[in-house]
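Visitor: I would like to learn how to read a protein model feature by feature. Could you take me through a few kinds of contact, with the general idea before each case?

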Amino acid sequence: MKLKKRLGNILKGICFLTLAVLLGKGLIGFVYAENKQSNQVRIDWSEFKKLLKIDADEIKLSWDEFKRLIVQTGSEIKVEYNIQNGMVVLQREQFKKLLQQMKPPDTKQLQPPGDYLITKAEYWGVMGKKSTTFKVRFFLEIFKKERKAYPKIRLLSQEVALKEIKLNDKPALVMNEGGWYVLTTPKSGQHIVDLEFSIKSALDKGPDVLNLAIPQTAITLFNLSIPLKEVKVEIPQAKQITISRAANQTKVKAILSTSNYVNIKLHRTIVVEKKKGPAKLYAETMNLFSLEDDALRINTRFKLNILQNTIAKVKVYVPQGFSVLYVKNQSWQEIRDWNTKKTGEKEILTVPFESEKEGTVIFNVVSEKIFSSEQSELEFNGFEVLEAIRETGYIGAEKKSTAEAEIIKVDNIDRVDIQELPYDLINMSAKPLIFGFRYLRHPFLLSLKVIKHEELPTVNTVIDNASVMSVLLEEGKVITRVVYTMRNTWKQFLQLRLPKDSEIWSLYVNGKRELPSKTKEGKFMIPLIRSRMEGENITSFDVEILYYHKNKKFYIAGSKKLQFPIVDVVMSKMLWSCYFPVDYSFLHFGGDVEKEKLASGIRPLIGNKRVFTYRSVNGYNKALESWKRQGGQQRSGGKLSKTQQLLQSEFRTNSDNNGFLNQLDQEINFAQNIKKEQQQGVIARGGGGVALLKIEMPTSGQIYRFAKTLIEGEDLYLNFQYVRGWVGTVFKILFLFLLGYLFYFMRAVIRNRYIRIKNWFALYKDFRDKLKTPRGVRVLLCVGAVVFGFVSRFLFIVFVLLFLIAWLKPEWIFKKEV
C-alpha cells in the first residue's frame, strides 16, 4: 500500500511539472512578440479588459474627476453614486448614462472683428506754399477667414494725388472705389503699407491751411514741417502736441485721437516790441463751497486773461481765516513752489508759472476753514487777484455732510438761480448745488450760519433675500439650508442665532468655503466680504449655511415649534419652505410668518396637501425651466398639471418672481446639496471637526411655504398641530357616524320642518305661478345677478347673460302657448 501511494505521488508530481512546463511555454509564446527585435508587448483584448477591469460592475473615480464629468454632461443630469475610501463609485449603467450625455467640445472658432484692422498709422509731412507732401506708413492686420473675394482696404481719399504705394516693400494692388484709394491683396497676417502722396494746402491763407481725410486708427502719430517760424499751430484732433522752431522752420509732433480727418490751422504771430510796464490782467473766479462735518472747503478756479505783456507769477489775497491746502494747474497737476506770506492783516498767496505767460492761464486753489466747537457763523470775502484791472466771479455750494448752511448776510453780491451759473462751475461738483451767487467786483461779503445736525447711522449691510429650506424627519432631526443674498460695505461678521445645540455643517461666502466661529453667548459669527461697486450700484453676494439640530420627534398627535434663524441685520424678505413627513396630517399652522394660501385657515384641516417626491425631480426641473422661460408669472386660473400645482404658491404680499424661482430651485435640488456636503467630509470647528451625519433623505414629503417681509432682528417661528394620517381618517369616520346619528335622532324634527316648508309652498302657489312667468324669471335673474355680484364674478356673468336672453329671446327659454 505504501509503495502504491509513493508511486501515485510521483506520478502526480510528474503531471503537475509537465503541465507547468507546457503552461510556461504557452505563456511565453503568448506574451512575447513574434518579432524578437521589437520591445512591444502584445496581449489579447480579453486579457486587457480583465487587467483594467473594464467589464466590472462598478467604476471608481476621484471626486475631481467626477465633478469634471458632471460639468461636461450638464447639471440637469441626476446620477446616483456612493463614496468608498474617498472615491466615487458608479454603477456601470450610471457611468454609461453619463458618457451618453457628455456634450461634444465646443469647436466654434472665434470670429474676427472684420476683414482687416489698421492698428497704427505714422504720417510725415512737409508743407509747401501750395501743396504738402506726405509719407505714410500703415500697420495692417488682415484676418484669416473664408472669403469669396479679396479684402478691400480703404486707405486715403481721392482728394490726394497718390505717387507710390508699397505692401511689404513691394508694389501693391490699388484701385479707386467710392472716392477712396482701396488696397487689395490675397495675403493674410501682418503687413506694412507705405504710401507717398501730395495734397493741396494754402500756406499763404488761413487759418485753415490743410484738411486731410484719413482712416481711423487706434494709434495715430503725426509729424509736419512748416516753412514758417513765427506761427501758432492748432490741431483740434491732437491729444498731445510738441512744437519746436529752428532755422525758419516750425516742426510739429502730435498724437491724434481716433478720428477720420486731420485739420491744420495756422495763426501767424506778429512780433512787436513789448511795452514797458505791467501787463493788463483780467480775472474770473469760480468758487465751489463744500460743506463738510468739520470744515468749509473751497475749490477756486482762476481764469486769467493776460494782455500786452507776460507775467511769471500771480499774487492773490487769501480770504481771512482760510488755509491754502494745495495749488494745481488746469490739468489738475500740482504746482510746486507756491507760498503764502502774511502782510499786515492779509495773507498773500504767490503762484509761480513754469515760464512767462501771456493769454489765458487757468489754475486751481483748494482751501479750507475749520469750524471751532463754538463757531456757528463764518464770513467769506473771496480770493482777490492783485493788480487785476477787473475781476468777476461766481459761487456755488454743495453738501457733503449733515451740516446745513443758512445765508444770513450778503453785501455787494447777488444771488442767482443755479441754472444761471456757468457750466464749468456746475460740473466741478458731482452733487446738485444748493445755492449760487455772482459778484462783479471787490470788495464783497457772504456770511453763512452753519447748523450741525446729528448724523444718524444708515444701513450699510442688508439682506435682500433669504431663501430657507427646512426638512423635518420623523425622529425629530431638522436639516436647514439658508441662502442669504446680501450687500455689505463695512460689516466684518454676520451674527447668527440658531436653535439650541445646532451644528453648522457647511458655510460658503460668495462661493468660497469658510469657517464660522462662536461667541460665549452661543451666537455664530459668519465672516463676510465687502460688496464690489459696479458704477453707482453695490453688487450682492450669497452666504450659504447648512445646519442641523434636534427637535421633538413626531408622535401620534401633538404640536411642534420651528425657529427661524435670527441675524443682526435688516432682511428685506424671506421665503421659507418646510418639508414635512408624508404620513402625517396637519391641522393648523400658526406663528408670526405669512402662510401661503394652501397652509392658511382650515385648508390643512380639510386635507389640502402638496406632496413632493424626489423620484420625479427631472419632471419638476423641466416644469421649472418652462416656467422660467415664461417669465416666472404664476397662473391663478385655468387647468394646471400636478407638477405645475406643486410649483404654485399664493401669498398676500410676497410677489418677487425671481426670488420665488430661486426658492423652487433650492427645493428641487435640496437632497442633492445635502448629499454633496456629506460626501465632502467634515467642517473644522474650534480645532476639532464635526462629521456630517449620514442621514437618508425621505423620497417624498409635504411642502408648505411661508414668507415674511422687512425683518429686523425679531424672533420668527412657526408652530403647527399634527396627527398621524390614520388618526385623521378615524376622526373623519367618527364625525360622519356622529352626523348620521344626529340626523337619526332628530328625524321627527326634520320631518316636521319638511311638512311646514311644503305647506308654505302650497299657501303661496299664486306667487310661485307668477315667478314661472317670463316676467318673474327676469326678476329672479336680475336679483340673482345683484346678489352674486358680491360673491362670484363667474356666477354674476352667468346670471346677466341669462337675464339678457330671457329679455331679448324669451322663446329660447319658455315654450310657446298653444
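Guide: Let us start with the polar contact, which is a pair of N or O atoms within 3.5 Å; within protein, one must be able to donate a hydrogen and the other to accept it, and residues adjacent in sequence count only if both atoms are side-chain atoms. Here the side chains of Glu 398 and Ser 290 are joined by such a contact, at 2.7 Å. Please keep in mind that this is a predicted model, in which local features need pLDDT of at least 70 and side-chain atom pairs count only at pLDDT 80 or more, while totals for chains, interfaces and linings use all residues. Residues are numbered from 1 along each chain as its sequence is written, and side-chain values use heavy atoms, with hydrogens and water left out.

Visitor: Where does Glu 398 lie, and is Glu 398 buried or exposed?

Guide: Glu 398 belongs to strand β25, residues 390-399, where strands (E, at least two residues) and helices (H or I, at least four) are DSSP runs numbered from the N terminus. Buried means under 20% relative accessible area, exposed over 50%, and partly exposed in between, with a 1.4 Å probe and protein chains only. Glu 398 has a relative accessible area of 4%, and therefore it is buried. Contact means heavy atoms within 4.5 Å, and, not counting residues up to four places away in sequence, the residues that Glu 398 touches include Leu 288, Phe 289, Ser 290 and Leu 291, as well as Ser 429 and Lys 431.

Visitor: How should I read a sheet, and in what order do the strands β12, β14 and β17 stand?

Guide: Strands of a sheet pair through backbone hydrogen bonds, either parallel or antiparallel. For counting, two strands pair if DSSP finds at least two bridges between them. In this case three strands form an open sheet, ordered β12-β17-β14, with antiparallel pairing. Because β12 (208-213) and β14 (231-234) stand at the edges with a single partner strand each, one side of each is left without a neighbour in the sheet. From one strand to the next the twist averages 15 degrees, an angle taken between axes that are lines fitted to C-alpha atoms (for helices over the stretch in contact), running from 0 to 180 degrees between N-to-C directions. Between β14 and β17 (residues 261-268) there are four bridges in the antiparallel sense, and Val 233 stands opposite Leu 266 in β17.

Visitor: What is a salt bridge, and how many salt bridges does the structure hold?

Guide: The term is used when a side-chain nitrogen of Lys or Arg is within 4 Å of a carboxyl oxygen of Asp or Glu. The structure holds 14 salt bridges, and one of them brings together the side chains of Asp 194 and Arg 137, at 2.7 Å from N to O. Asp 194 is in strand β11 (residues 189-200) and Arg 137 in strand β5 (residues 131-142), so this pair ties together parts that are 57 residues apart in sequence. Asp 194 counts as buried at 18% relative accessibility, whereas Arg 137, at 30%, counts as partly exposed.

Visitor: Which partner does Arg 724 meet in a salt bridge?

Guide: Its partner is Glu 474, with 3.3 Å from N to O between the side chains. Since Arg 724 lies in strand β49 (residues 717-724) and Glu 474 in the loop between β30 (461-472) and β31 (477-488), the pair ties together parts that are 250 residues apart in sequence. Arg 724 is partly exposed, with a relative accessible area of 24%, and Glu 474 is partly exposed at 32%.

Visitor: How are aromatic pairs described?

Guide: A pair of aromatic rings is described by the distance of the centres and the angle of the planes. Rings of Phe, Tyr and Trp (its six-membered ring) pair if their centres lie within 6.5 Å, and planes under 30 degrees apart count as stacked, over 60 as edge-to-face and the rest as tilted. By this rule the count comes to 32 aromatic pairs. Phe 134 and Phe 222 form a tilted pair, with 5.8 Å between centres and 45 degrees between planes.
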